[in-house]
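Let's talk through some charged side chains and the labels they get. Have a look at the model, then we'll start.

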Amino acid sequence: KCFGEMAQAGDRNAGSSSEELSLSVDMKPFGYESVKYIGKGQYASACLVHPNDNDGVLLVAKLVNLDVLNESDRRLAEQEVDLLQKLSHPNIVSYHTHFVVETPHSVLGIIMDFCDMGDLRTAVKQKQKAGGHFSERHVMTWFTQCAQALEYIHSRKILHRDLKTSNVFLTQQDGNEFPTVKLGDFGISRVLEGTMEACLT
């Protein structure tokens, strides 16, 4: 999952509705095919997809039902797309493309990297449950990568505003001793106009 903390509990009908939305969206005209429903967040559902011409590559489609959003939330969804298009960093979840599908609902689809090892919150819980802990080198590697991602977005006058372990994702990359962390979920981020605004935020 690559878009914030998926709800693991909650209303069963709401979960079913999210899954139905994910499965009902035809993404083939935009170059992608749905593989598997993953889960839901506060404003969106997500599913694994692969490009039409390459079923060996897995990505994530974040699907936002625009019809149920108020004007403020619509602006946040549009802002997330705008921000993701501008960001390119090895420790930030990569944006691929976006589109709007009429299903009959108006659904915004955002295609992003699939982080195959889930989020940091889940990884920490699993390690604790097993009675273990991450090594200091492990933690410092992830801390440094998070700091580099934050330095990158701050240099572009962007505040994430929802930094937590469930928005830090893990993926295993060839040649790396430890999984790589990627910062994700820019849904409530803010672009600052200048230094004074940063002081007031």
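Q: What makes Arg-137 count as exposed?
A: Its relative accessibility is 53%. Exposed means over 50% relative accessible area, buried is under 20% and partly exposed is in between (1.4 Å probe, protein chains only), so Arg-137 at 53% counts as exposed.

Q: What should I keep in mind about the model behind these values?
A: It's a predicted model, where local features need pLDDT of at least 70, side-chain atom pairs count only at pLDDT 80 or more, and totals for chains, interfaces and linings use all residues. Residues are numbered from 1 along each chain as its sequence is written, and side-chain values use heavy atoms, with hydrogens and water left out.

Q: Why is the contact of Glu-177 and Arg-137 called a salt bridge?
A: The term asks for a side-chain nitrogen of Lys or Arg within 4 Å of a carboxyl oxygen of Asp or Glu. Here the N to O distance is 2.9 Å, so the pair qualifies. Glu-177 sits in the loop between strand S7 (168-171) and strand S8 (180-183) and Arg-137 in helix H4 (residues 136-155), so the pair ties together parts 40 residues apart in sequence. Helices (H or I, at least four residues) and strands (E, at least two) are DSSP runs, numbered from the N terminus.

Q: How do you know that Asp-82 is partly exposed?
A: Its relative accessible area is 35%, which falls between the 20% and 50% limits, so partly exposed is the label. Asp-82 also meets Lys-86 in a salt bridge at 3.2 Å, N to O.
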